[in-house]
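User: I would like to go through this model by question and answer, with the criteria behind each term spelled out as we reach them.

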Amino acid sequence: MDPAGGTAYVTLGTNQLLSVPYAISAKTSENVSGTAGNLAVYTGTNTLGNSFISEVPGSLNVIQLGTNSTPTTTAFYGPATQAYNTIFEGADARGYFGSFSGAPSEVDFGTALANTTGSIHLSPQGAPKFTITNSGNVGIGLMGPSTNLEIEGDRGTAVENIMVRNTGLGTFPSVVLRINSNNTTGVALFGGSGGGLNVGDLLGVGYVPCYASAFTVSSDVRIKKEINYLGITDYDKYLTEIRNISSATYRYNWENETTAPWLI
């Protein structure tokens, strides 16, 4: 090669120049068509088409899987144990779904380990109706339960905020209150065959005493029968029987001498 561009050079031989890969196929290349917003996928050898993943038109960073006319399902694969997917809001891990806290065969939906103040909500139509707080309290109808289970409902004579339903003949639905760790002592509240509320043992066959600082008993003609009204000549007879009833005065254990005694 002559640096001056002249003929002061010696021929050593000739070789054909090799084309770059793009130049090799440039003569057979053509425009690829597809639907705007869809990611491309090979549908055949050297053939591109639309995948079912697309960016939703007019939205920012929103991915759509399938369409109304071509719906699709999504599978999430992970390791053999603790296969879960994390939900981020910006750089903050908010929650996860998958198998993490329990056995490999169990499924979790929870808050992330770093999310120490977040709660879990089930929100039909965007309104939280079932809440589990970060401390484990459960709320039905409210977002901030203050006890293990708190239910907020409507007030009314015909409103059923809690229902325990009978599942078959010969049994009465019940609510059981166990008062020791080995679940051997407690009481059961259960409905009777003729209506009303019974307080019994855990088997529902025996009755247990009820204690209260006071009982308020209402007198209602609707729960009575064989009502006989007294006449003038009957009063002397019944007053004699009333005088034979033992009476006493008393105070509760937490009352002192300045409190007027009760009379029975």
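User: Which residues do ring pairs link into a cluster?

Analyst: This is a predicted model, in which local features need pLDDT of at least 70 and side-chain atom pairs count only at pLDDT 80 or more, while totals for chains, interfaces and linings use all residues. Residues are numbered from 1 along each chain as its sequence is written, and side-chain values use heavy atoms, with hydrogens and water left out. Rings of Phe, Tyr and Trp (its six-membered ring) pair if their centres lie within 6.5 Å, and planes under 30 degrees apart count as stacked, over 60 as edge-to-face and the rest as tilted. Ring pairs of this kind join into a cluster the residues Y84, Y96 and F100.

User: How many aromatic pairs are there by this rule, and what is the geometry of the pair of Y84 and F100?

Analyst: The count comes to four aromatic pairs. For Y84 and F100 the ring centres are 5.0 Å apart and the planes stand at 75 degrees, so this pair is edge-to-face.

User: Where in the chain do Y84 and F100 lie, and how many residues apart are they?

Analyst: Helices (H or I, at least four residues) and strands (E, at least two) are DSSP runs, numbered from the N terminus. Y84 belongs to strand 4 (residues 84-89), whereas F100 is in the loop between strand 5 (92-98) and strand 6 (108-111). The pair therefore links distant parts of the chain, with a separation of 16 residues.

User: What kind of pair do Y96 and F100 form?

Analyst: The ring centres of Y96 and F100 are 5.3 Å apart. With 65 degrees between the planes, this aromatic pair is edge-to-face.

User: Is N115 buried or exposed, and which residues does N115 touch?

Analyst: N115 is placed in the loop between strand 6 and strand 7, and its relative accessibility of 15% means that N115 counts as buried. Contact means heavy atoms within 4.5 Å. Leaving aside residues up to four places away in sequence, N115 touches A93 and R94.

User: In what order do the four strands of the open sheet lie, and which stand at the edges?

Analyst: Two strands pair if DSSP finds at least two bridges between them. The open sheet has mixed pairing and the order 7-8-9-10. Each edge strand has a single partner strand, so one side of each is left without a neighbour in the sheet; these are strand 7 (120-122) and strand 10 (149-151).

User: How do strand 8 and strand 9 run, and which residue is the bridge partner of T131?

Analyst: Three bridges join strand 8 (residues 130-132) to strand 9 (residues 138-140), and the two run antiparallel. Within strand 9, the bridge partner of T131 is G139.

User: Which residue in the turn between strand 1 and strand 2 has a positive phi?

Analyst: Strand 1 (residues 38-44) and strand 2 (residues 47-55) run antiparallel and are joined by five bridges. They form a hairpin with two residues between them, and the turn residue with a positive phi, of about 55 degrees, is N46.

Technical notes:
Buried means under 20% relative accessible area, exposed over 50%, partly exposed in between (1.4 Å probe, protein chains only).
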